[in-house]
Structure formats: structure tokens, C-alpha cells
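Open the model in your viewer and keep the selection tool at hand. Each stop below says what to pick next and what is there.

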2 protein chains.
Amino acid sequence: MKVAVLAGGLGGSRFALALTETLGPGAVTVVGNVGDDLEVAGLHVSPDLDTIVYTLAGVLDAERGWGRAGETWNARAAAEQLGAETWFQLGDRDLGLHLARTEALRRGEPLSAVTARICRALGVETAVLPASDDRLRTWVATPTGELSFQEWFVRRQHRDEVDGFRFEGAEAARAAPGVLQALDGADLIAIAPSNPFVSIGPILAVAEIRAALESRRVPAVAVSPLIAGRAVRGPADRMLARLKGGTSPAQVTDCYKGLIDALVVDEADADEDAGVPAIVTRTLMSDAGARHRLAEAVLAVPV
Amino acid sequence: MKVAVLAGGLGGSRFALALTETLGPGAVTVVGNVGDDLEVAGLHVSPDLDTIVYTLAGVLDAERGWGRAGETWNARAAAEQLGAETWFQLGDRDLGLHLARTEALRRGEPLSAVTARICRALGVETAVLPASDDRLRTWVATPTGELSFQEWFVRRQHRDEVDGFRFEGAEAARAAPGVLQALDGADLIAIAPSNPFVSIGPILAVAEIRAALESRRVPAVAVSPLIAGRAVRGPADRMLARLKGGTSPAQVTDCYKGLIDALVVDEADADEDAGVPAIVTRTLMSDAGARHRLAEAVLAVPV
């Protein structure tokens with residue numbers, strides 16, 4: 001059984017791990033968000049892809065939820081002493097990845113090829129693909145004005161209310177090599193419990209990917225990122241409340257209108273209408289057992 | 001007494017320290033080589049300026065002769081694991097400086113202003129100026145073909161014989177703010193015991209700087225980088241032998257034709273003709289005492 005999964009950052013990476021642990025790496029293709037990519041002093045940083053790769057490689061700092069375990073911060077301390085902006089934190093080992101990726105991109109290697117090389121070097125056998133090799137950037141409309149995704153999310157700690165989004169470059173962006181093949185060849189398409197707006201939204205903003213989901217011949221299932229109407233982490237609940245009028249499963253489904261056939265919801269949300277058939281399980285991926293249970297629930301969707 | 005000193009990397013930085021220790025930081029302006037600047041994954045690295053600044057700040061790794069003391073190498077290890085080119089070694093703390101500088105340059109801050117900020121942050125009171133804020137790059141002609149300076153020097157360990165140089169951008173480059181004022185306002189112009197071709201050569205390739213030296217109204221003195229016809233470090237002796245036909249003081253002077261009034265040579269070279277009045281002392285800056293002795297000898301040039 002082959003699964004293609006659309007994924008953002010931490011929730012997406014844990015879900016990719018859950019599927020990989022349950023099905024084996026050869027059965028899973030992860031299509032990762034690149035809308036939150038940014039340049040730091042010209043270095044290309046792909047936070048969501050990196051969280052996915054680090055998670056699958058077993059080197060993510062699980063407590064922090066981003067970056068590498070056992071990280072050192074000497075570059076950052078030096079940059080800070082010298083007056084640099086350091087609100088986007090880069091650990092030393094993490095910087096090594098950004099150096100390697102940026103060098104390769106500047107040589108003309110596509111992001112998908114760089115990502116594949118990084119995976120191989122870190123022993124990740126699951127296929128991890130960027131949604132697109134083309135430039136795609138999420139901008140967030142707020143009462144303060146339009147902010148780049150990371151400025152809104154990290155620098156301003158997502159405290160600004162969100163009025164909408166712009167996915168710069170999405171119109172022209174092509175799906176990265178392998179993405180459409182993975183969606184076409186999958187027995188199941190899954191959408192990870194990531195933020196529907198800013199983690200999955202940029203992926204679906206790539207016309208080819210949206211069209212592939214719209215014309216799917218296999219079931220597509222999303223895992224709700226909410227438990228009892230609250231996001232496990234991050235601002236998804238506030239955004240759903242403001243932009244969709246509520247935080248029930250139906251509002252999550254509404255983000256994926258026409259694109260999913262079922263929604264996996266937590267037991268805490270079992271009584272709520274989901275707008276599509278609901279699969280009820282415990283969705284918090286607190287350990288390997290919990291990950292496996294969630295993966296099994298997703299894979300139990302009638303294919 | 002005010003001294004303006006043209007300087008390259010390690011020898012230049014030690015000589016700048018010698019003058020600073022002897023005269024006080026307010027009396028010394030260092031004009032540093034930028035011909036060996038390079039981009040690593042788009043990060044702007046200024047090896048000579050950094051060696052000077054780190055030396056004056058007391059944070060240079062003296063044994064290695066470049067980079068910061070107590071450095072860590074986690075970024076490099078990660079980049080190497082991921083297949084990046086790591087022949088130009090960047091320590092983690094050093095990377096922090098490159099991040100800060102690159103960010104500032106990309107904001108439009110000139111290299112001279114960035115360098116001044118770095119100096120302030122590191123407690124360096126001596127004025128350290130890049131020769132130019134404009135792009136200036138040294139290329140080395142070898143039997144293998146033309147190589148960028150760092151590719152020749154670091155990557156290929158300066159094993160290729162040198163047939164000549166090209167200072168890309170030098171024709172259009174302006175002297176950085178403060179450079180001409182420092183040369184004009186100095187009581188003495190000094191050329192550090194740096195490689196005449198690739199450390200001092202790029203500085204003198206800036207037309208305004210060369211003209212300022214040619215029309216000087218104060219004495220200019222160079223310190224020979226050779227002791228008994230051998231470079232203390234690096235390939236200056238091989239280059240002098242090949243390009244000037246020998247490694248005696250006269251060949252060093254020949255590199256500075258019309259630009260210096262005296263040459264400081266080591267006692268080991270006392271008997272050789274220098275082509276200009278020679279000042280004989282011990283030139284190896286092995287410790288603070290040796291640095292002070294050399295500085296005093298240079299400053300004893302009749303002003």
C-alpha cells in the first residue's frame with residue numbers, strides 16, 4: 001500500500017513518521033510545504049522540510065519541536081553580539097544544512113534534488129519532496145499589514161490576527177518532480193494534522209497538486225489538527241475561528257472542500273459533525289504507540 | 001603620531017597589533033586587503049579583515065593563524081556530512097560574523113560600515129578599513145589556468161606556480177571612506193610584512209590608494225615579509241623568486257617601486273642591498289616584546 005501525504009511542520013513530520021513506522025519507508029511519499037521557506041542572510045532555509053527530514057532521521061529536537069537535537073548555538077551568539085537580527089534561530093548544525101543546501105541551489109540544483117541528497121546523507125529512506133522547486137512564499141494579511149510568514153509566525157509570535165493569505169509564486173509554480181507521480185500512484189492520499197491554512201494551504205495552492213487531488217481516483221483523508229477544538233500547537237484554532245467561524249471538524253473539512261473523502265478526528269471531537277465521514281481515534285502523537293494507532297486509523301479508510 | 005598601515009592577513013594583523021600596542025589604538029588606521037574576499041554559499045567572507053579584527057580583539061586562534069580561538073565546527077561537520085564543499089573552513093562563531101556581515105551588506109550597508117560595527121562590538125578601537133567598499137577580487141594566473149585567490153591559496157594549497165594576477169574590479173574601485181583621509185593625515189605610512197603580491201597588491205591596485213602613496217608627503221616604509229630570503233609563512237618567497245628573480249630585500253622593494261622610502265629587513269638580511277635605505281631589526285613577531293621592537297624600529301624612520 002502506497003501513501004502520499006501532504007505535510008507541514010511538526011504535526012506533519014510526526015504523521016510522516018507514523019506512516020513510515022507503520023508501512024515502511026518505501027510506501028510513503030511526503031509532499032512538504034515550502035511556503036514558509038525564507039532567506040537568512042541569503043541562506044535558503046526550509047523549516048518545514050527540515051522538520052520532516054530531521055524527524056524521519058531521528059535527529060529532531062523533540063522538546064523544542066524544531067532544529068536538531070544536541071544543537072550548539074555559537075554562530076547565533078556571535079551574530080547577535082555583532083548586531084545581527086537573530087529572531088529566526090539557527091543552530092550550528094542546522095546552519096551546516098542551510099550552507100549545503102544554499103550552495104547546491106546556487107549551483108543550480110533544484111530543491112527536490114538537494115532534499116533527496118540530504119535525506120540520503122541522513123539515512124532517511126522515506127521520499128520527502130518539496131511541493132514545488134519553484135519559489136513559493138506565504139504572506140499573511142493582518143490588521144498590521146501584510147507580513148512574510150516567518151515574520152508573522154516567529155518574529156511576531158503569530159500574535160497578529162489573520163485576515164487572509166497570499167501564496168506568492170503559487171500560480172506559476174509547478175509541482176516538484178515526483179509529486180504528481182506520488183499522488184497518482186498512491187493507494188491513499190493523506191493530509192497530515194498540520195495547519196490547513198499555512199502548512200497545507202501553500203501545497204494546495206500549486207495548481208497541479210490541487211488538480212491532482214480534485215481528480216483523484218483513490219480516497220483522500222485528512223487528519224484534523226485540532227483536539228476538542230484546540231490546536232495541539234500553534235495558531236490553527238484561532239485562525240479557524242476567525243476565518244471559518246469555528247473550530248469544529250466541519251470547519252477543518254471546509255478547508256479541504258472537494259479534496260477529502262474522510263476526516264480523522266480525535267475522540268474529544270467524536271460528537272461533532274465533520275461534513276464528511278469521520279474516523280474517530282486518539283490523534284495526539286505522544287509516542288510511537290500513539291503514532292501507530294493514528295496511522296492504523298488512517299490506513300483503515302476503505303480503499 | 002599617526003600611522004596608516006596597509007595590511008593583509010596574519011603578518012599584517014600582527015603588525016597592526018604591534019603598532020596599536022606601541023602607539024595606542026587612536027594613532028593607527030589599518031587599510032585591509034579585500035582581494036581575498038569570497039562568497040561561501042552566498043555568505044560574504046573577508047578573511048584578511050577578519051584576521052586583523054580578530055587579532056586586535058584578542059580572539060584570533062593564534063596557533064592556527066586564522067579564525068577564532070575556542071572555535072567549534074558543528075556547522076562544518078553537518079555541511080560536510082550533507083555533501084557540501086568545505087575546503088574553505090568556517091567555524092561556528094566565525095559563521096556568526098559572516099551571517100551578520102552578509103545580512104548588513106544585503107541591507108545595503110557598505111563593508112566599511114559593517115567592519116566598523118564589528119570592531120565596536122568586539123571592542124577593537126583601532127580603525128580597520130577595507131581598502132574599498134567596492135567588489136575587488138584577486139585572480140591568480142597559473143599554468144593550470146586562472147584561479148580565484150582562495151581556490152589557489154586554500155583549496156589547492158598554493159601549490160600552483162604563479163604567473164601573474166588580476167585584480168577584478170580594481171579599476172573601478174574607489175577607496176573606502178576614511179582610507180584617503182588616513183593616508184593623507186598620517187605622519188607615517190607603513191606597509192605590513194604581508195605578501196606584496198596578493199595581500200598588498202590588491203590594495204595598491206585601487207588607483208586612488210596608489211596615487212595617494214605616490215604623492216605622499218610623509219615617509220612610507222615597508223616591512224619585508226622575508227627572513228633570510230624565506231617567507232615566515234605562505235608562498236611569498238616562491239612568488240618573489242619566480243616573478244622578481246630572487247628573494248633578497250631588493251626584490252621586495254621592487255614590488256613597491258616609487259611607493260616606499262625605506263624597507264625594514266630582518267637582521268638575517270642585513271648585508272643585502274635593499275634598493276632603498278634599510279632599517280635592520282628582528283622582524284619575527286613572536287611575542288609582545290618582539291612586536292614592540294619591530295614597531296619601534298618602524299617608527300624610528302626619520303619623519
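Contact here means C-beta atoms, placed from the backbone, within 7 Å. Axes are lines fitted to C-alpha atoms, for helices over the stretch in contact, and angles run from 0 to 180 degrees between N-to-C directions. Helices (H or I, at least four residues) and strands (E, at least two) are DSSP runs, numbered from the N terminus.

Before moving on, note that this is a predicted model: local features need pLDDT of at least 70, side-chain atom pairs count only at pLDDT 80 or more, and totals for chains, interfaces and linings use all residues. Residues are numbered from 1 along each chain as its sequence is written, while chains are lettered from A and ligands numbered from 1 in the order in which they are written.

## The sheet in chain B

Now show the strands β7, β6 and β8 of chain B. They form an open sheet in that order, with antiparallel pairing. β7 (145-148) and β8 (164-168) of chain B stand at the edges with a single partner strand each, so one side of each has no neighbour in the sheet. The twist averages 30° from one strand to the next.

Zoom in on β6 (residues 137-142) of chain B. It pairs with β8(B) over five bridges, in the antiparallel sense. Strands count as paired if DSSP finds at least two bridges between them. Pick V140(B): F165(B) in β8(B) stands opposite.

## Over to chain A

Select W139(A). Which residues stand opposite W139(A)? In β8(A) it is R166(A); in β7(A) it is S148(A). β6(A) and β7 (residues 145-148) of chain A pair over four antiparallel bridges. A hairpin of two residues joins β6(A) to β7(A).

## Helix α3 of chain B

Go to α3 (residues 74-81) of chain B. Its buried residues are N74(B), A75(B), R76(B), A78(B) and A79(B). Buried means 20 or more other C-beta atoms within 10 Å of a residue's own; exposed means 12 or fewer, and partly exposed lies in between. What covers them includes α3 (74-81) and α4 (92-106) of chain A, together with α4 (92-106) of chain B. Just after α3(B), click G83(B), which has a positive phi of about 90°.

## Last stop: V5(A)

Select V5(A). Its contacts include F15(A), L19(A), V28(A) and A190(A), leaving aside residues up to four places away in sequence.

Technical notes: Two residues are in contact if their C-beta atoms, placed from the backbone, lie within 7 Å.
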